Amino acid sequence: MHPMERRNGFNRRQFLLRSGGAAVGLTSLESILAACSNSTTTATSTGSNGEKLGPGGYPLARPGGPSVTFRRWEDPIESNLQPETGGDFTIYNYPNYLDTAVMKEFGKKYNVNVQLTPFQDINSGIAQLANGAAGTPDVMEMTPDNVARVVTAKLIKPINLDYVPNLKKNVWPSLVSPFYDVGSRYTVPYTTYATGILWRNDHVTQDIPSMKQPLDIFWEAEAYTGKTALLSEPRETIAMALLRRGITDINTEDPKLINRAVNDLDQLNHICNIKVGDTQFQTIPEGTTYLNQAWSGDWLAGYIFYLPKGTPSTVMSYWKAPKGHVPVQNDCWSICSTTKKPVLAHLWLNFILDNGIAKQNFLDFNGYQPPLEELDPTTLISDGTFPENAQPAILTKDDFGPASLQEMTLTTAGQALWQNGYSKFTAGG
Amino acid sequence: MYPRWLWPGVALPGVVWLILLFLIPFYAVIGVAFGTVNPLLQTPVPAWNPLDWNLGWMSQTLNNLAPGGIYWGAVTRTVEYVIISLALCLLIGYPVAYYIARHAGRTKNLLLILLIIPFWISYLMRMLAWVNLLDPSGYATRFMSFIGFSNLAVHLGLITSDTNWLGGASVTVILALVYGYIPYLILPLYAALDRIDKSHLEASRDLGASPWKTFLHVTLPLSKTGILGGCVLIALPMFGDYYTPNMVSSAPSTSMIGNQIDLYFHGGPQPTIGAAITVVLSAFLVILMGYYMWAIHRATKEAAAS
Amino acid sequence: MTTATAAAAKPEFTLWQRLSGWVMNPWGRPRFLPLITWLYMAWSIIPVLIAIQFSFNDSRSRTVWAGFSTRWYWGDPNDSVWHNTQLRDALYQSLKLAAADVVVAVPLGVLLALGLARWRGHGSGPSNFLMLFPLVTPEIVMGVSLFLVFTHIFTFIHPSTTAQILGHITFSVSFVVVIVRGRLFSIGRQYEEAAADLGATPAQALRLVLFPLLVPAIVASAAITFAISIDDFVISQYLSCGASCTTVPIFIYSSTRAAPLPNTNAIASIMVVFTLVAVGLGYLFYRIFTRGESREGGMTGEMAGFEL
C-alpha cells in the first residue's frame, strides 16, 4: 500500500478479490483491476513468470522484448458505413504539429469544420482527456508508451482497419503491426523522430559532436543562461539525464537512478536557468534560444517554415547519439472514445496516411518524417529537398528495430515515479 | 414602508447562487485535497465525508511548503515578488493618484480617461505587448541597450546578457506584475485622495504647517484606508498569479506558487497536491483578508469617534 | 525695479527650502508630480499602441516592422482573423460568454445589491461577507474550485461553454453589487420616502422612483461586466472544453507560449475595440440618464466607489 494513502475506503472484499486474482491469471486480473478503479494501491502487478506488468495487466512492450496484443474492450464499428458530415471534427494534438492546410483539405473533402484542441504535452493531454477538460475530441495524437494506459482506461476505441487501407499499402512493414500494438488494433503510425540536441552554431562556441559526452553541454551552458531549454516532457528530460550518465535503460523504474537524474536536471536550474517548452522549432531559427533539447523534426520544421528571411540554414545544427544510445520514437493516431463521428475518425486515419497528404504535411510544414515506403529518406538531401547539414536530423528504417532505444510503457508505479520526478525538477527548487 | 421579507427575498437569488457556485466549490477543493488518486490515470478521487479524509497528501504538501521542501523556493519567491511589486506600485501610483486628485485642474478629465483605459485593455494583451517589446529584437530591448540600461542590468546581475529580458529574469516578472496590477491600485487611491476635504488641508496650512508636514500628517493618514484597500485589492490576486511568469519567463526558476497549482491541474501527476496547495493558499489569504477587515473596522470606529 | 532693490529683495532661503517650496505647495504648481504622471501614462499606454501597430505588420515578425498590411486581419488565406476559423471561433466564444454574463449577472447583482444594502436582519452580515469574497479571491483559487465542482459534484455540467458562463457570472455579480450599492448609498431613502408621503405604494416606489434612479449604475455595471468577461482568462481556461471553448484570452496565452504570429496582436486589438466601444456606449447612456444631476466624479466615481 502506498505510504501516502494511510486512510482509505479499503474493504475486505476488495482485498480478498485482489489476492485471489493474483493467483488466477492475466484475464481475471485485468478485469479486477478495471473494477477496482478507485483502488488506492499502486502496487505493481506481476505476471506468471514474476515479470512486471503494465497497466491493464499487459506485459511491458519493448523493441526487442515482449510484443503486446491489446484486447478489444468493445467491437469496432461495422465496415462500409457512410461518413458523418456537417458539424465539427476535433483533432486533439500538439500545437504546430499538423499543417492547417491538411486539416482544411480534410474538412472540405468531408464537409466538416476541422478544429484543433491543443495539449501542452502528451501526459497533460491524457490527463485532461480523462477529467473532461479536453471536451469531446474525435481523434488524438498518441505516443506508444501511453497506449496501454489509455486502452485500459477505455479512452481510445478499437480500429476497424477496413477503413484504413493506406496502412498496409503505404507504411513501413515494420510499423504496420508494431510490437507495441500488434495488429494495429488501436493506433496507426504518424511520424518518426529521434531526440537529440539542436543549437545555433553561431552562438554556441563548443563543438558539441566531438565532445566525449555531448549531452554534457547543458551542464556546461553557463554562457547561455536563459537561452537554453529542455522539452517539457517527463520521459524525455529524465531519459536524457540517464543517458548522459551512460544508462541506456530509459524505461528503468529504479528510484535511485531516477532520483539521481532528477537531481542532475535540478542543477540545470542553477547553472543556466533552464526553461522547459516545446517551441524550439521556432526559437532556434529566430535566435531567441541557442541550445535546446529537440526532436529531429524540429531542425527540418525550422528550415521549412520558421527560418527568418536572411538567416542561412547553416547556423542550425543537430546532433543525435548513435543507435542504441539515442531515443527514437514514432508517434501515432488513435480514435477517442468521446467521438461522435467514428466513421469520419477512421477516414482521418486513412487520410493522414495517404502518400500525398503525409508528404505535404511533412515537407510543407511539420518537418517530421512519416514512415512511408514511398518516401526514401536517403534521397532527401541528394535531391535538394534539404541542405547537407540536415543529415543528422534525418532518420532511416535502420534507426528502428530491436536494438534501438524507445521510451515505452512503464508500470503504473513507475509512471508515477517519473512524473513526480519531473514535477520536482520543474518546481524550480 | 416596505414589507420585512422584501429585502432578504430580493437578495436570496444572489446568495443562493454564490453558495452554490462559490462556497460549494471550495468544499470540492477540500474534498479532493483530502481524497485519494486513481493510480491508472492519476485522476483525483474526492472524499466527501470528513471521516474518510486521507491526511497523507495534505501532510506531504505541508512538508513540501515548509522551509527545505520542494515548494519552499516558490513560496519565498512569491512573497518576495508580491512585496516588491506592491512597493513599486505604491511608489509610482501614489504620486500619480495624488496629482490627479489634487492638482490636475483642467486636465483632470483627460487624465482620468487615460487612467481608466488600461482597465479596459485585456491583461493578457498588456502582457503580450511587453512580451513583444522585450523580445531580443523588440523596441524596448533595443532602447534599453541603446541607453546603456541593459549593461547596467547585466552588471547588477539582474539579467544575464543584454538582450535576455525574457530568459527567466525575476526583474522582468516583477516589472510585468507592476505593469499589470498598478491600474487596480491607482483608481482606489485616487478615489480615496479625491474624497479628502480640501478644508482639512487649508486648516493645516492656516495652523502653520509646511506643505511637506501637511502631506505627512494630514493627507497621508486620511488616505490610509485607501492605500490599504488598494494594496489588498492587488496583493491578494497577485498571490495566485501564474500566467504572468509563464508569459514573460517560462523558466522554472521564476515560478510562483500559482504555477505549482496550475501544473497539477493542467495535466500534472497528482491533482490532490494541487488542491492541497490551493487550500493552504486560501487559508493564508483568508487570514490576510481578515486582518484587512479588522483594520477597516477599527478605522471606521476611529473616524466615527473623532 | 532697479538692480539695487532687486538685490535687496533676494530671499535668504536654503537650497532645500527653495527646492521643496518649488516642488510641493498645495496651491501652486508642483513640477515633478505632473512629470511622473505623464510618464506613467506614456508607460501605461504606449506598449499597447505598439502591439496594435504590429498587428498591421507585413511579415511574420511581431518585433521587426516590415511595412503596413492588413493581412493578419483579412488578407492571409490561412492565418488571418477572418479566414482562420480557430481565431473567429475564439472571437465568437468571447462575445457569447460576455453577452450571457451581462444578461444574467446584472439583474442578479442589482437584486443582491438592493437586498444587501437594505436588509437589517441576521443573515445580512455573512451574506455581505460572502458577496465580497469573490472580489479578492485569486482567480486561480476560483478556477480550481469551479473546475473541481464541475468535474466531481455538478457533473451534469462538465467543463463546457455553460460552465464558463456560470463561472463568469459568479465573479461578475460582486462587481455589479459594489457599483450599484455605491449608487444606492448616494441616493439614500429620501426619494422613496417622499414618494410614499405622496401616496405611492411600495411597488410603485420601487418601479417609478428607485429603478430609474438606479439606471446609471446599472448601465455602468453592465459595461464593466462586459469588459471583465471579455478579459477573463483563468476561469475560462480552467472550465474550457478544448477547441470549442477557446476564448480570445486563452488563444493569446497559448500563442505566446507556442509560436505566435501577428494575428495574435490582431485579435487582441479587435477585442480592445469591442471593449472600448462597450464602455463608450455605457458612458454615453450614463451621461444621458444622469443629465441634470451634479454627481461628483461621474462614472469614474461610480466605479471608484469601491466600498470594500
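Reply: Let us begin with burial, where buried means under 20% relative accessible area, exposed over 50%, and partly exposed in between, with a 1.4 Å probe and protein chains only. C272(A), with a relative accessibility of 0%, counts as buried. This is a predicted model, in which local features need pLDDT of at least 70 and side-chain atom pairs count only at pLDDT 80 or more, while totals for chains, interfaces and linings use all residues. Residues are numbered from 1 along each chain as its sequence is written, chains are lettered from A and ligands numbered from 1 in the order in which they are written, and side-chain values use heavy atoms, with hydrogens and water left out.

Me: How many disulfides does the structure hold over all chains?

Reply: A disulfide is a covalent bond between the sulfur atoms of two cysteines, and here the criterion is a pair of cysteine sulfur atoms within 2.5 Å. The structure holds one over all chains, which joins C241(C) to C245(C) at an S to S distance of 2.0 Å. Because the torsion about that S-S bond is about 85 degrees, the disulfide of C241(C) and C245(C) is right-handed. C241(C) is buried at 13% relative accessibility, and C245(C) is buried at 0%.

Me: How many residues does the contact take from chain A and from chain B?

Reply: With contact meaning heavy atoms within 4.5 Å, chain A gives 41 residues and chain B gives 40 residues.
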